[in-house]
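Student: I have a chain open on my screen and would like to go through it with you. Could we take it one region at a time?

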Amino acid sequence: MSVQKSSLAVFGGAPAKTVPYTKGVRFGPAEEEAAVAAIRSQKLWMKQGGTRVPAVEKTICELWGVPHAIACSSGTAALHLAAVACGVEPGDEVILNPTTDWGTICGLLAIGAVPVFADVHPDTLSLDPAAVAGTITPRTRAIILVHFAGYPAHVKEIVTLARRHNVKVIEDCAQSPLAMLDGRPLGVFGDVGAFSANDSKHVSCGEGGFVTLHDDEMDRIGRLFIDKAYERNKARGQTDVTFLGFNYRMSELSAAVLDVQLRGLPEQIRRRTAYAEQLLDGLDGLPGLRVLRPLPGGRGAYWFVLSCLEPERLSADRATIAKALAAEGVAVWAALSPASTLYGTTALREKKLYPQGRTAPADFLRDRQYGPGLCPVAERVAANVLSFLVSPFYTAQDANETVAGVRKVMEYYQSK
Ligand SMILES: Cc1ncc(COP(=O)(O)O)c(C=O)c1O
């Protein structure tokens, strides 16, 4: 049965969403108590006897089943730490996908490493192992694999490929904490898993991040790196610094809140999964909309539910469809990442890494061309993706009404 134009909310019909999306309390009494206890302890700095940073690191080790975890100040810091712990140095090439947050790349550029972009796989919107294979050179030191929007990427294939070439793997799990593949949490497959606890993420302490690690030496380097590389075991006045580190430490206050948040993460994922699966089932097979499910053997963390429009099967463009969905009250984001593609940013296109640009173009990038056309699949996805918002507080009614709104709009705009 065809959908009448007048039934669409954007043309005056009744919106599919009859009630606003359900909201909840993200930081409850447990977080409040933990923060107050940290303040009352009079110790907000782990280096002066605070216990909360070590405690949250222990919680991370338990949840991820790893021997080492390091808490730090942001996901960006975690990825910088990860690159340094993997031995990335100036001039080394690091392969990554172009459709991620700019925070994935900051550490690499600060080091003077060369970002090499490989195209994405349409089923994960993250690195395509075949594309990665074509970009490995003798100068490749590491691959950063982003598990996008809560969906497991092709991590097993990428790790196998990397091992063959003696290349390290950093898993950027900022959007995918406790997403799983073959029963193992993401972030334990490669050499380092990097996570964010900024306020848009599953778990938040305002700003924060952490890494998961297997290797003792990488753990030692990582801990030094986020503490200005001070060798603190020496007597005061003899403290040495043996390499360049930064202050990327997490405060005790943040650690107290993050610990509580992490303990609630498994339940949060359960709730997100229930909502996401209702959406995926309800939107399956719609004309002109391809919804993404986790890879076989995978379990999503569902930061978003992802879908891609199929323009050849539709009579309207994404902007028109997004507007119609918004009129229905459907919570949707018509973009892939804040900058669409990293190589499309002014900083990379012009190799201008400093605001005054006196040293531009960045010398270490001189042999590279950055700009549109590098990764056609990523660009097509970026132009066609629709990301449906997910929250642990959304209900079955929210899912039903979202499905109804999307179905109405997509059926109306299918090619006649
Ligand atoms: C995939 C990805 N990597 C890295 C980051 C950076 O994390 P943060 O904002 O905590 O520095 C983000 C945050 O948006 C992200 O989504």
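**Glycine 329 and its surroundings**

Tutor: Glycine 329 counts as partly exposed, because it has 18 C-beta neighbours inside 10 Å. Please keep in mind throughout that this is a predicted model.

Student: Where is the place of glycine 329?

Tutor: Glycine 329 sits in the loop between α10, which covers 318-328, and β13. Leaving aside residues up to four places away in sequence, glycine 329 touches Pro15, Ala16, Lys17 and Gly405.

Student: And how many residues apart in sequence are glycine 329 and glycine 209?

Tutor: Glycine 329 and glycine 209 are 120 residues apart in sequence, and in space they are 33 Å apart, taken C-alpha to C-alpha.

Student: OK, on to β13. What is the order of the strands in the open sheet of four strands?

Tutor: The order in that open sheet is β10-β12-β14-β13, and the pairing is antiparallel. Its edge strands are β10 (289-291) and β13 (332-333), each of which pairs on one side only.

Student: Which residue stands opposite valine 332?

Tutor: Valine 332 faces phenylalanine 388 in β14. β13 and β14, the latter made of residues 385-389, pair in the antiparallel sense over two bridges.

Student: Changing topic: how is the chain divided into domains?

Tutor: There is a domain 1, made of 5-23 + 266-338 + 375-412, and a domain 2, which covers 29-261. The contact takes 25 residues from domain 1 and 26 residues from domain 2, while the C-alpha centres of domain 1 and domain 2 lie 30 Å apart.

Student: Which elements give two or more residues to the side of domain 1 that touches domain 2?

Tutor: On that side of domain 1, the elements giving two or more residues are α9 (265-283), β11 (298-299), β12 (304-309) and α12 (376-384). Of the elements, α12 gives the most, with five residues. Divided by class, the side of domain 1 that touches domain 2 has 18 nonpolar, six polar and one charged residues.

Student: Now the ligand. Which of the 15 residues around the ligand come nearest?

Tutor: The nearest of those 15 residues are Gly75, Thr76, Gly103, Ala174 and Ser196. The elements that give two or more residues to the shell around the ligand are α3 (75-85) and α4 (103-111), and α3 gives the most, with three residues.

Student: How do the residues of the shell divide into nonpolar, polar and charged?

Tutor: The shell around the ligand has three nonpolar, 10 polar and two charged residues.

Student: Let's look at α6 next. Which of its residues are buried?

Tutor: In helix α6, which runs over residues 155-164, the buried residues are Val155, Ile158, Val159 and Ala162. These residues are on the same side of α6, because they cover an arc of only 100 degrees around the axis.

Student: What do the buried residues pack against, and which exposed residues are on the face turned away?

Tutor: The buried residues of α6 pack against α5 (129-133), β4 (140-146), β5 (168-172) and β6 (180-181). The face of α6 turned away from its buried side carries the exposed residues Thr160 and Arg164.

Student: You mentioned β4. How many of its residues are buried?

Tutor: Seven of the seven residues of β4 are buried, so that strand is mostly covered. β4 and β5 pair in the parallel sense over five bridges, and isoleucine 144 stands opposite isoleucine 170 in β5. Strand β2, residues 93-96, also runs parallel to β4 and is joined to it by three bridges, with glutamate 93 opposite threonine 140 in β4.

Student: What about lysine 228: where is it found?

Tutor: Lysine 228 is in the loop between α7 (216-225) and α8 (252-263). Its phi is near 55 degrees, a positive value in a residue other than glycine. With 14 C-beta neighbours inside 10 Å, lysine 228 counts as partly exposed.

Technical notes:
Residues numbered from 1 in each chain as written. Predicted model: local features only at pLDDT ≥ 70, side-chain atom pairs only at ≥ 80, totals over all residues. Near = placed C-beta within 6 Å. Nonpolar A, V, L, I, M, F, W, Y, C, P; charged D, E, K, R; others polar. Pairing = 2+ DSSP bridges. Buried ≥ 20, exposed ≤ 12 C-beta atoms within 10 Å, placed from the backbone. Arc of directions from axis to C-beta. Contact = placed C-beta atoms within 7 Å. Domains from an automatic or database assignment.
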